[in-house]
Amino acid sequence: MAIKGDVESDLQEGIREPLMRVEKNLADGDGSADGGSSRGGNPWMVYLSTFVAVCGSYEFGCCAGYSSPTQSAIREDLSLSLAEYSVFGSILTLGAMIGAITIGPITDLLGRKGALRVSSAFCVAGWLAIYFSKEAWSLDIGRLANGYGMGAFSYVVPVFIAEIAPKNLRGRLTAINQLMICCGVSVSFIIGVLVSWRALALIGLIPCAVNIFGLFFIPESPRWLAKKGRHKEFEVALQKLRGKDADVSHEAAEIQDYIETLDRLPKAKLLDLFQRRYSRSVIIGVGLMVCQQFGGINGVCFYVSDIFDQAGFSSSIGTITYAILQVVVTGIGAAVMDKAGRKPLILVSASGVVLGCLLTAVSFFLKVHELALTATPILAVTGILVYIGSFSIGMGAVPWVVMSEIFPINIKGQAGSLATLVNWFGAWLCSYTFNYLMSWSSYGTFILYAAINALAILFVILMVPETKGRTLEQIQGAINK
């Protein structure tokens, strides 16, 4: 046991050594060892690669937003009962959980680009099945395939962007993932009112087509290529991403040093995630997903119209305002992430979510006890808008950004799948229980969500490190000590 512990300690020290050399060079004023900020290049290829990847995020939003505007038309055309349509709506989450479980190993095996192609292929198959559907079962198969693609995209897009982006751009580029999801949901909702449900399914193919076509013109993740021992392709990909005039020698050396050290560790299995050397990164990744989902976001998102109705406010005006605010604030959060930092942003966000929950709880408390009835609609809409605005600026995007940064590449597939699965399970559980909780106590529901988000603040303060301005290798070396 002592020998095994010494070996693992030596290996972990080896992981940190390249990072300590870089930090020493920086401290001595050697700007050439910038640990990932290759100089003299043009990041246009990083922007193009990010655009291609976030077409998957937009597709995620299209899938999520499809069922709301199409409900009455699909039920009428195919003579579906409410129960049958409920299965159609909810089976998406089941598909996403399956996608979350399986996409990590697929990403490790086929590469990040290969996983993006698999995700798009499932979504294409899903939309075509929905378009040609004449029975409930084919609708459900299509929706299940869409769900798989959603769950896969939710993992592979932020991981791919984090691995190709320079450290000074990584936060805001990864946060575009969440912004594009919001855009996809909002656009689907608006277009769905104007076109038939079959036409909306065909429109859902467009982001997939852009993604599949665009993948031919962008490089694979250099870190994945290095992990696979494809050193020539690794150097070419890194040079493309940093620009032909960029000096990538120090960034390439740091990545390869780190990969070589990880290769000396045993091949990671699922149970290895619970070993001491990975425990902190797994707790942080999974814990942030729990904080994001169990704070009530999917209950609020799925039933926002009902919340406004119950509070006595116009559901149409409230829902439109909600959708616009969500997109705008998510964009602001993406823009400031690399300046403000991940940890301050999520702390401000979670604090605002607590405030939004409390305002909404007060509104329902007053309504139940018939106190200040004229004030309850304004309090309710203010609470919900504070909730979604605060969530969108940090809690929506930051957990995905941090998840894409903290896992070492040798466990990234398994750990990322676990974190994504927990996220989707939380999404299902929150949306499933929301109506039951509201029947139990409308104001009690939001007090419960406020308490969970208060615990999230404590978790972030105690466990989550700041990752702004550091390379992936530096982040992972510091966490997995």
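Mentor: A salt bridge here is a side-chain nitrogen of Lys or Arg within 4 Å of a carboxyl oxygen of Asp or Glu. Please note that this is a predicted model, in which local features need pLDDT of at least 70 and side-chain atom pairs count only at pLDDT 80 or more, while totals for chains, interfaces and linings use all residues. Residues are numbered from 1 along each chain as its sequence is written, and side-chain values use heavy atoms, with hydrogens and water left out.

Trainee: How many salt bridges does a search of the whole structure find?

Mentor: The general idea is that side chains of opposite charge can pair when their charged atoms come close. In this structure the search finds six salt bridges. One of them joins R170 to E405, whose closest N and O atoms are 2.7 Å apart. This pair links distant parts of the chain, for R170 belongs to helix α6 (residues 170-194) and E405 to helix α18 (residues 398-406), 235 residues apart. Helices are DSSP runs (H or I, at least four residues), numbered from the N terminus.

Trainee: Are R170 and E405 buried or exposed?

Mentor: Both R170 and E405 are buried. Buried means under 20% relative accessible area, exposed means over 50%, and partly exposed lies in between (1.4 Å probe, protein chains only). By contrast, R230 has a relative accessible area of 34% and is therefore partly exposed; E233, at 39%, is partly exposed as well. A further salt bridge joins the side chains of R242 and E251 at 2.9 Å, N to O. R242 has 5% relative accessibility, so R242 counts as buried, and E251, at 4%, also counts as buried.

Trainee: How many disulfides does the search find?

Mentor: In general, a disulfide is a covalent bond between the sulfur atoms of two cysteines. The search of the whole structure finds zero disulfides, the criterion being a pair of cysteine sulfur atoms within 2.5 Å.

Trainee: How are two packed helices described?

Mentor: They are described by the angle between their axes and the distance between the axes. Axes are lines fitted to C-alpha atoms, for helices over the stretch in contact, and angles run from 0 to 180 degrees between N-to-C directions. Helix α12 (residues 276-294) and helix α20 (residues 442-463) have axes that come within 9 Å and cross at roughly 155 degrees. That angle makes α12 roughly antiparallel to α20; angles under 35 degrees count as roughly parallel, over 145 as roughly antiparallel, 65 to 115 as roughly perpendicular and the rest as oblique.

Trainee: Is the crossing of α12 and α20 left-handed or right-handed?

Mentor: The crossing of α12 and α20 is left-handed. A crossing is left-handed if the near helix is turned anticlockwise from the far one by less than a right angle, and right-handed if clockwise. Helix α18, which holds E405, packs against helix α19 (residues 412-440) at about 160 degrees, with the axes 10 Å apart. These two helices, α18 and α19, are therefore roughly antiparallel to each other, and their crossing is right-handed.

Trainee: Where does S79 lie?

Mentor: S79 lies in the loop between α3 (67-78) and α4 (82-131). Although S79 is not a glycine, it has a positive phi of about 55 degrees. At 63% relative accessibility, S79 counts as exposed.
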